[in-house]
Amino acid sequence: MTDAATEQIPITVLLADDQEMIRAGLRVLLDRTPGITVVAEAANGREAVALAREHRPRIVLMDIRMPLLDGIEATRLIRADDTAETTAIIVLTTFDSDDYLFSALAAGAAGFLTKDAGPETLREAVRTVAAGQSLLAPSVTTRVVERALAGRTPDPSATATVAGLTDRERDVLALVARGLTNDEIAAELVLSPATTRTYVHRLLTRLDARDRVALVLLAHRAGLVT
């Protein structure tokens, strides 16, 4: 949960969805939320990339299935653009039918929402990601990753990447991959919250991971989560 000070920081949002009615509904909801402003709308991936470069929004709500350029490639291009380095992307997906979420996370998405998410879930997701958190709902993200990686054997390169971690670092990484928050990890391992944050930061640095999503994916690829 974000604090009152965080919620006062203006959050600009770009909506990217090929369905006008969905964009209209999202705009009405977000524009009525204090501290959040929709600055642009894109009906396809190409428009999303161009508008992200033009407006440099803090958040992009990105549909996956769009014409001309899909949301996965649009996400990759936006995240690769130095002018949009402060832009975070939340993927909008239909959980039961969208098989592209793993690729979207790998392309740089900070998190995701299902399109049937409630209004308060959407608002809090935007605030949370704008505050620098990568996982909107860690346990749900973990289930999606597990689904995406189902049946895969451990990746030797991922296994080699985590080989140099200490036992405690591997414990923390495994719990991150299971979707636990820092406070939950601290309780599980009998650590202070400050120590847990230090471990997570160290993992991000040592493993050259851009965010917690990357840690989750790496842990699953390395076979640390069964």
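Which backbone nitrogen does the side chain of N44 reach, and at what separation in Å? The views below, taken from a predicted model, begin with the whole chain and then turn to this residue and to the nonpolar cores.

**Figure 1. Overview of the predicted protein model.** The secondary structure of the protein consists of 12 helices and 5 strands. Of its 226 residues, 47% count as buried. The accessible surface of the protein is about 11100 Å², and carbon and sulfur atoms account for 51% of that area. Among contacts between residues at least 6 apart in sequence, 68% join residues at least 24 apart.

Figure 2. The side chain of N44 reaches the backbone nitrogen of R46 at 3.0 Å. N44 counts as buried because its relative accessibility is 9%, under the 20% cut-off. When neighbours within four places in sequence are set aside, the contacts of N44 are with M66, P67, L68 and L69.

**Figure 3. The largest nonpolar core, comprising 23 residues.** V172, L173 and L207 have the most contacts inside this core. At least two of its residues come from each of helix 8 (156-162), helix 9 (167-177), helix 10 (182-189), helix 11 (193-206) and helix 12 (212-221).

**Figure 4. Close-up of L207, a residue of the largest nonpolar core.** Beyond its neighbours within four places in sequence, L207 is in contact with T161, V162, L165, L173, L215 and L218.

Notes:
Residues numbered from 1 in each chain as written. Predicted model: local features only at pLDDT ≥ 70, side-chain atom pairs only at ≥ 80, totals over all residues. Heavy atoms only, no water. Helix = DSSP H or I, 4+ residues; strand = E, 2+ residues; numbered from the N terminus. Buried < 20%, exposed > 50% of the residue type's maximum accessible area, 1.4 Å probe, protein only. Contact = heavy atoms within 4.5 Å. Areas by Shrake-Rupley, 256 points an atom, 1.4 Å probe, with all protein chains shown as cover. Polar contact = N/O pair within 3.5 Å; in protein donor to acceptor, adjacent residues only side chain to side chain. Core = buried A, V, L, I, M, F, W, Y, C linked by side-chain atoms within 4.5 Å.
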